[in-house]
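Hi,

Have a look and tell me what you think.

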Amino acid sequence: MSISSLELEPLVAIDRLTKRYPAAAGFGKPGAWVNAVNGVSFEIRSGETLGLVGESGCGKSTTGQLLAWLLEPTSGSIRFRGRELTALRGREIREMRKHIQLIFQDPYASLNPRHTIGSILEEPLRVHRIGSRAERRRQAGDMLETVGLDRGCADRYPHELSGGQRQRIGIARALMLRPSFVVADEPVSALDVSVQSQILNLLKELQRRFALTTLFVSHDLNVVQYMSDRVAVMYLGTLVELAPAEALFRGAVHPYTQALISAIPSVRAGERRERIVLRGEVPSPLHPPAGCPFHTRCPQALAECASVTPEWKPVGPDHYARCLLI
């Protein structure tokens, strides 16, 4: 994308963000804690798209829900336009929700089957007491056209629409309050490949049109490369690398990122990419390994990786990684 992220001010900043869940205890044993997100820090600059990638269960969707304020963090800081969200209460949180919205992953489960599309789109306006009934109806129709649907869809129900159309409704609902920050949580993973490209192009167009800042959560690196200005890579609840998209896909330095990129299928004739196969399984977040969390699967692991926790280090312009090999 054309945005020069180095010149932009952060709209969203998180610092040592942590989300823990209690694990059920059994047979009289005390319960343990699962660190779904473990001390994550990054900034999202105004107008940019930050891609967040990693294997299933790494904590990327939880991070997105924390930033959308659907979950309350266990500890850490979330700042939006310089304001600390964790300190907000009651009416202040409700007011802030106008500016931060979420596009859900599943276009089937995220829409109320008992409500018409018009009612679904008008609901955010009703909740925040914006406009008259006629004005809300008009705004819903306008937004339907903005996402490429006919105004007549307002009188239909979700089951009457295709998956791609439902996801357009999900996007429209997220934009009804004209937010400045949107969390897109795997917005195309449940769609057919032919529909995915349409939705991705729509998201890019809407970002330009509404000057959106976006956290784009996905496990598909091809999609992330197409959508993102910068990319953050998560493993077992922690960030392991963060860089401009072009720099990351051209010269990733963390072994985990290198393995992910090596698994991207090549579509160019004659192009071959050496596959890096990771051994073993992802460790349980109930019992994460000491030292570097990736050392149990890392093909380049050193002896000290089992005991020394790597620091967050700069490795290039706007490029950071957490690895003892650096």
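Helices (H or I, at least four residues) and strands (E, at least two) are DSSP runs, numbered from the N terminus. This is a predicted model, where local features need pLDDT of at least 70, side-chain atom pairs count only at pLDDT 80 or more, and totals for chains, interfaces and linings use all residues. Residues are numbered from 1 along each chain as its sequence is written, and side-chain values use heavy atoms, with hydrogens and water left out.

Pocket first. β6 (100-103), α3 (117-127) and α5 (163-175) each give at least two residues to the lining of the largest pocket, and α3 has the largest share with four. In all, 17 residues line this pocket; Leu 70, Arg 97, Gln 101, Leu 102 and Phe 104 lie nearest its centre. (A pocket is an open set of points on a 1 Å grid over the protein atoms alone where a 1.4 Å probe fits, with protein on both sides within 12 Å along at least five of seven lines; lining residues have an atom within 4 Å of a point.)

Now the rings. Rings of Phe, Tyr and Trp (its six-membered ring) pair if their centres lie within 6.5 Å; planes under 30 degrees apart count as stacked, over 60 as edge-to-face and the rest as tilted. That gives four aromatic pairs. Trp 312 and Tyr 320 have ring centres 6.2 Å apart and planes at 10°, so they are stacked. Tyr 235, Tyr 256 and Phe 294 form one aromatic cluster.

Cheers
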